Amino acid sequence: MPVTVRTHVFAAALMLCVPAAHAGQDPLEPPIVQSLGAAMEGFPYPYPVAYLPLTMEGQMVKMAYMDVPPAGKPNGRNLLLLHGRNFGGYYWENTIRLLSNAGYRVVVPDQIGFGKSSKPDIGLSFHALARNTRLLLDHLSIDKTEVVAHSMGGMLAVRFALMSPEKVASMVLESPIGLEDYRLKVPYATNEELARESAAMTRESIDRFYRGYFVQWRPAFQVYADVQYRWSLGPEAERLHRTAAHTYQMAYEQPVVYELPLIKARTLIVGGDGDRLAIGRNRVAPEVRDSMGRFTELIPAAARAIPDATPVLLRQVGHIAHLEAPEQFHAILLSFLGK
């Protein structure tokens, strides 16, 4: 299945959640210089976007989301897709189409601080984002849903499943970060330090970062680096660098790994054996870095910790299986949901 992405949005501080680079990648593409605003104004998402007004820390914010009805024969089931830290709901396009064609109603939010949602300069927490997600489902009159979550979205999915277990029918965690406690190896950094590191990213370092997500790079993936660079040139970039610092601190300071045994939902954990992503890998010595992001060990360990969980490792796949190996990922996903 070809990867088709329309374009996108807010990615958080790239240096701060660093995947390992892979060899044999193409030369960097020429830069695209048109800037983007904070809410990705003018960028079409693959499906219509609506907004839920919320209040966070006394501030009025808007949570963007796509609510995609079944395109095939409705099966009466709902599915919630949760994005990773350097993305938003846009990169689920092919997965949304697959699930909608299979009869699911698919809800795809951009969390506050990401994508087309508001970017308030406030501290963020998985508890608050899980609460927002529940408010969205209540707003849409959804009592129960399957949850599919990628990367940082996996941390959010765990928190959501712990806070609202009655809402979760089953859970699929794709390359979830937070399966280790980054605080034990990565030194603390202030928001000011993190924002400066985000602002220091260049066109070349952004491209290298995004290529590090994949074992096998394809030209279709270039859109993610292109958009991130254009976002960094936007008129509100300084505020967004601070938002990036907030999202880093959330993933760094709020581990969920210790609570995995409390998950009640049937769970699938799937990831690539070429994935080495970890929060703060760039902030530690090489020998420490080598001990982080070992998904070939972390995924089986997490599956043992969760009472009803199945681990799956995909060969020669990096951090984003639903883009790099969509046929494999989607087959595994539909099989799990069909049981």
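Visitor: Which residues of the largest nonpolar core touch the most other members?

Guide: Leu81, Leu99 and Tyr224, out of 109 residues in that core. Helix H3 (residues 152-163) gives the largest share, seven residues. This is a predicted model; local features need pLDDT of at least 70, side-chain atom pairs count only at pLDDT 80 or more, and totals for chains, interfaces and linings use all residues. Residues are numbered from 1 along each chain as its sequence is written, and side-chain values use heavy atoms, with hydrogens and water left out.

Visitor: What makes a set of residues a nonpolar core?

Guide: Its members are buried Ala, Val, Leu, Ile, Met, Phe, Trp, Tyr and Cys residues, joined through side-chain atoms within 4.5 Å. Buried means under 20% relative accessible area; exposed means over 50%; partly exposed lies in between (1.4 Å probe, protein chains only). In soluble globular proteins, nonpolar side chains tend to be buried together.

Visitor: How many helices and strands does the chain have?

Guide: Eleven helices and ten strands. Both are DSSP runs numbered from the N terminus: helices are H or I with at least four residues, strands are E with at least two.

Visitor: How does the radius of gyration of the chain agree with a compact globule?

Guide: For 339 residues the globule would have a radius near 20 Å, and the chain has 18 Å, so the two agree. The radius is taken over C-alpha atoms, and the rule is 2.2 Å times the number of residues to the power 0.38. The C-alpha trace spans about 45 × 40 × 40 Å along its principal axes. Buried residues make up 61% of the chain.

Visitor: Why is Phe329 called buried?

Guide: Its relative accessible area is 1%. The limit is under 20%, so Phe329 is buried. Phe329 lies in helix H11 (residues 326-338). Leaving aside neighbours within four places in sequence, Phe329 is in contact (heavy atoms within 4.5 Å) with Val148, Glu174, Val270, Ala321 and His322.

Visitor: What puts the buried residues of H9 on the same side?

Guide: The buried residues in H9 (residues 295-305) are Phe295, Leu298, Ile299, Ala302 and Ala303. They cover an arc of only 130° around the axis, so they sit on the same side of H9. The arc is that of the directions from the helix axis to the C-beta atoms. An α-helix has 3.6 residues a turn, so residues three or four places apart point the same way. The buried residues of H9 pack against strand E8 (266-272) and strand E10 (309-314).

Visitor: Why is the pair Asp138 and Lys167 called a salt bridge?

Guide: A salt bridge needs a side-chain nitrogen of Lys or Arg within 4 Å of a carboxyl oxygen of Asp or Glu. The N to O distance here is 2.8 Å, so the pair qualifies. Asp138 is in helix H2 and Lys167 in the loop between H3 and strand E7 (168-174), 29 residues apart. Asp138 is partly exposed at 37% relative accessible area, whereas Lys167 is buried at 3%. Arg134, Asp138, Glu166 and Lys167 are linked in a network of salt bridges. The whole structure has 16 salt bridges.

Visitor: What makes the salt bridge of Glu197 and Arg283 a tie between separate parts of the chain?

Guide: The closest N and O atoms of Glu197 and Arg283 are 2.3 Å apart. Glu197 lies in helix H4 and Arg283 in the loop between strand E9 (278-279) and helix H8 (286-289), so the pair ties together parts 86 residues apart in sequence.

Visitor: How far from Asp110 is the nearest side chain of opposite charge?

Guide: That side chain, Lys119, is 7.0 Å away. Lys and Arg count as positive, Asp and Glu as negative; His and the chain ends are not counted. Asp110 is buried yet has no salt bridge. Asp110 lies in the loop between strand E5 (105-109) and helix H2 (126-139).

Visitor: Are Met40 and Ser141 buried or exposed?

Guide: Met40 is buried, with a relative accessible area of 0%. Ser141 has 61%, so Ser141 counts as exposed. Met40 has a positive phi of about 55°, and Ser141 one of about 60°. Neither is a glycine. Most residues other than glycine have a negative phi.
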